[in-house]
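Here is a short note for a colleague who is new to this structure. Please read the points in order with the model open.

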Amino acid sequence: MTSNWPILSTLIWLPIFGAVVVLAAGEHRAALSRVLALIVAGLTFLLSISLFTGFDTSTAAMQFSELKPWIETFHINYALGVDGFSVPLILLTTFFGVLVVIAGWEVITDKVHQYMACFLLMEGLMVGVFAALDAMLFYAFFEAMLIPMFLVIGIWGGPNKVYATIKFFLYTFLGSVFMLISLIYLYLQSGTWSILEWHQFPLALNVQKWLFLGFLAAFSVKIPMWPVHTWLPDAHVEAPTGGSVILAAIMLKIGGYGFIRFSLPVTPDAAAALDWLIIALSLIAVVYIGFVALVQEDMKKLIAYSSISHMGFVTLGMFIAFGVFQNTDSGRGAALGVEGAMVQMISHGFISGALFLCVGVLYDRVHSRMIKDYGGVAHKMPWFAALAVLFFMANSGLPGTSGFVGEFMVILAAFQANFWYAFLAALTLILGAAYSLWLVKRVIFGKVANNDVAMLEDINAREALVLGVLAVAVLLVGLWPAPLVDLMHASVDSLLQHIQQPKTVLLGGQ
Amino acid sequence: MSLKTILILIPLLPLLAAAVAGLLRNQVGRAGSHWVTILGVAISFALSVYVLYLQMYQGLGTQNISVYTWMVADGIKFEIGFLIDHLSSLMMVVVSFISFMVHIYTIGYMADDPGYQRFFSYIALFTFSMLMLVMSNNFLQLFFGWEAVGLVSYLLIGFWFDRESAVYAGLKAFLVNRVGDFGFLLGIAAVLYCFGSMDYFEVFAAAPGIEGQSVSIIPGVEWQWITVICICLFIGAMGKSAQAPLHVWLPDSMEGPTPISALIHAATMVTAGIFMVARMSPLFELSEAALSFVMLIGALTAFFMGLVGIVQNDIKRVIAYSTLSQLGYMTVALGVSAYSAAIFHLGTHAFFKALLFLGAGSVIIALHHQQDMRYMGGLRKQMPITWITAWVGTLALIGFPFFAGFYSKDAIIEAVHASSRWGAGVAYWAVLLGVIVTSFYSFRLLYLTFHGKPRYTVDVGAGHHPPDGVLQHAPKESPLVVTVPLILLAIPSIVIGYLTIDPVLFTGWLSDSITVLPQNDVLAAVGEHFHGPTAMAQHALQTAPFWLMLGGFVLATLVYMVRPALAGTLAQRFPRLHALLENKFYVDELYQKLFIGNTLRIGNGLWKKADAGLIDGWLVNGSAKLVGSLSARVRTWQSGFLFQYAFAMIIGLIGILAIWVML
């Protein structure tokens, strides 16, 4: 492949056009639509690997860039490019693109072509979110991505899906509106939609604060942060397994990505001034939600709450930098925090995806998500039990698994800013283990609880493949995170240098 | 083979063996799984001995070897690597030897268990984790090993996972350890804050530089950084080495199969905390306050946990409380800067406590999984090897002159006596009185199990689950795979103290690994009166510990051999004291009330009141209602045609973008 090949466009449009083709296969050719979807997703993933192999880790500049005018009247460009923040997330997206197709293989029997099309569509749009360098293009992908997700929950969802989708819609829509206002304001002031130019665009502090809050509204809902998190457990509970997997593994990360792409670099002074708010909300998420997760009776809700708690580490890690700069001369810990947040996002993608797949495996057999309907699963499903215990251990941050790396980095970083931040964040060591392993105790271990469990059959080859691949990913990142963090160094360093230079000074000088 | 290759193989072989036994359990079968793990651990033991030999006789100095870079972030190097000095090579030999013995023993103990392969896989995985822990040259890998042994401990305590109590005990062990790890992780974060490195050598070299620097974590209270670091790290040790008040998980861990009680919950894993503090001696030496704290926690554990052991009826629980108490002795030794004495006791204790546990296991097999000593008695006739080796273990434990435990325990008591640390007086009394307690519960165990008359009956027609005190078959001596490890452990339980006390404690064999400031060097003071191990044993007759030990022996003989009714009478005469001990000072009850109940209450409160009530009920649904009442029309439009509307949006978007892309 030549270096001029528009790889990012390919990764966006291949799945989207693929979705159209799969849709055209029609209702009655389920097998064909499955195979087509797998080919498209597989090809997309293979192509995306070239982002990793061809990526220059020595620079923070955007790579694989593409730029064409789109709507010239409004200066909107079709601008794409990736740096150390977006490459890992795009790879995560294309990786899960393949897994959800396999995971839904024989589980989905109703409207297979639409199901597969929805996921391919989502994949393309999410890659678009991570690759867009034009704010309007970003916004278009950001909003469009939700639609297939609504469809997935609405068509293949559970009994209470209407409530869940509307709640999901209202929350995210309300958040997005405020972000849109911020975006339009920035365009009107700067005359461009280019996100990178906005990074350099000087702004007064109080203006930055309003813009920051506008972004916060969108991204805090998406990631989600306390107290705008309550849509997530409902959405997960109603979503089919594949929907939950994509929601947890990729969509939440878009919130975190937004903070890195917009909040921190566009409004750095506001971020510095309001970091206490984010840190407080993050720590509340870690501790408060940890307690809430402990008492859940529905496995999916428990994992959903656990996700919120883990996302607290992402926001904490990203916004700890200012405190570190203040508390130390060296600034050591700031980069650790941001990189920890990124690692946490990737790792949480693997682990939460795997956990929702595990629940899916049980749900497909017993048709219940309630913890009390299980017990002693290990007797009947030893291989499943081994994998599930691995993933729940990873979820509780066991060293050697990816779940440890991000939390470890963020806790270390938080300590550099303030002892008590680290103290509260480290409580997850106890809380995370408590809710994860208590669930394991009640579901996996014990005596065979009832007839449904007694009838269980262990995972088949397809399920073993999906969970096995994720297990390898979880262990690989846990045992050797260097390749992952090496991708980010240049981008993180450049971001941290950038946020230390007040934009307001530039403004005063003009 | 280069040294580095050898060092990598030492932990890697058990790991590979574990993977084979676990993942290919059906392919290799039962025999395959024990052969592959035993082979892995045996080679690993042989290589460990070779490394120790190189250190002792070939002048192999301290080796700091990096294996691979885990990650570099923010200019901080996170590495996987080995620090090989006398301390770690000694630990490697102890760990791999006990593990090797336990592997062999397991063939007999788990012979009929359906989870045979899984068990071998776990214990080999444990060996890997523990070796990674002791061989580490940095805090990251230390924490990795630390948590990995916790994981395997959790899996093995809950090994028989259809037993509710076993699964619960596993969960409890993991969570209590996590409380300790919480402190441990903060300690590591503090190390990074103060020194900017994860590497032992860099940290130790820089440690004196932060003396005097303080921090006010709670406004208005100034603490030395070094004290904060040491106490945080030690909280981790309190979890792993089961020191009060984080000791509650260890007695319950006896739910696991006996081989792992010996390997993990007596000889190796629980001593990780002791090892860690000794390894961190360059840091702990700088904080008098932290050392006093360590010493007092150890003294508390040594004395009070021994007391609880007196009233237990479960043979394994007696040994478990004994382990708690002995770990307390090691901790006291750390607290008075007698790190070498702690490591020495760690080593001797590993042999004789593994011996006692495996002996108990041998009895348990003979009695068809009866663990209650009230249904034992008189087994010396049927089980002579187990009986004799149990005597050896007991004499070593109580510190009978010339036996291994005598040298290590006496050294600790003398060191505490010589110490002038704040609180050393209290600690001295605790370890001294602990001797009589140790002797009492040890002989009680011996008498109740092996001596006197049998308190069980044999009834061939009793069926598979006979009531307590009834056996289907008469007890008989265990097979060779069980008794050979007992004999092999009994030998060092006798001689290892005599042979090694001089180099380990007094001639500075561990001085390449352990730092002691001259003003804290109590062992030097003790060493002035040391004239060889024989003289030390002879001199013991004139010292208090010997007579206290004898006192415990006389009391136990009186109560359990001469006047067997006396025990019941005493319990009736002092009901409060008996209840207090029997209920283990009500610590479990306290925790149940204080933590578990309240945690669930907080969780439910936050969920139902705050999340569902306030946020959802008031904010979310409230605003939804508000919007609804403002525009009923929009609402119906949204809910009724959402999907069509959604499709329209997608098609529109795709259309616009697609047409444009193609142009």
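1. Ground rules. This is a predicted model, in which local features need pLDDT of at least 70, side-chain atom pairs count only at pLDDT 80 or more, and totals for chains, interfaces and linings use all residues. Residues are numbered from 1 along each chain as its sequence is written, chains are lettered from A and ligands numbered from 1 in the order in which they are written, and side-chain values use heavy atoms, with hydrogens and water left out.

2. H14 and H19 of chain A. Helix H14 covers residues 299-319 and helix H19 covers 402-417. Helices (H or I, at least four residues) and strands (E, at least two) are DSSP runs, numbered from the N terminus. The two axes come within 10 Å and cross at roughly 45 degrees. Axes are lines fitted to C-alpha atoms, for helices over the stretch in contact, and angles run from 0 to 180 degrees between N-to-C directions. H14(A) and H19(A) are therefore oblique to each other. Angles under 35 degrees count as roughly parallel, over 145 as roughly antiparallel, 65 to 115 as roughly perpendicular and the rest as oblique.

3. Who meets whom there. On the H14(A) side are A:His310, A:Phe313, A:Leu316 and A:Gly317. They meet A:Glu407, A:Val410, A:Ile411 and A:Ala414 of H19(A). Contact means heavy atoms within 4.5 Å. By class, this contact has 5 nonpolar, 2 polar and 1 charged residues. Here Ala, Val, Leu, Ile, Met, Phe, Trp, Tyr, Cys and Pro count as nonpolar, Asp, Glu, Lys and Arg as charged, and the others, Gly among them, as polar.

4. H19(A) itself. Is this helix mostly covered or uncovered? It is mostly covered, as 16 of its 16 residues are buried. Buried means under 20% relative accessible area, exposed over 50%, and partly exposed in between (1.4 Å probe, protein chains only).

5. H10 and H14 of chain A. Helix H10 (residues 231-238) packs on H14(A) at about 140 degrees, with the axes 9 Å apart. That makes H10(A) oblique to H14(A). H10(A) contributes five residues you can pick out, A:Leu232, A:Pro233, A:Asp234, A:His236 and A:Val237. Partners in H14(A) include A:Lys300, A:Ala304, A:Tyr305 and A:Ile308. The class count is 6 nonpolar, 2 polar and 3 charged residues.

6. A:Trp105. Look in the loop between helix H3 (86-103) and helix H4 (112-131) of chain A. A:Trp105 counts as partly exposed, at 22% relative accessibility. Leaving aside neighbours within four places in sequence, A:Trp105 is in contact with A:Arg34, A:Val35, A:Leu38 and A:Arg462.

7. B:Arg279. This residue is found in helix H11 (272-279) of chain B. Is B:Arg279 buried or exposed? At 2% relative accessibility, B:Arg279 counts as buried. Its contacts beyond four places in sequence include B:Asp85, B:Tyr200, B:Phe204 and B:Ser513.

8. Cis peptide bonds. The bond from A:Trp226 to A:Pro227 is cis, with omega near 0 degrees. A:Pro227 sits in the loop between helix H9 (205-222) and H10 of chain A. Another cis bond joins B:Ala244 and B:Pro245.

9. Positive phi. A:His75 is not glycine, yet its phi is near 60 degrees. A:His75 lies in the loop between strand E1 (63-71) and strand E2 (76-82) of chain A. B:Lys584 has phi near 55 degrees.
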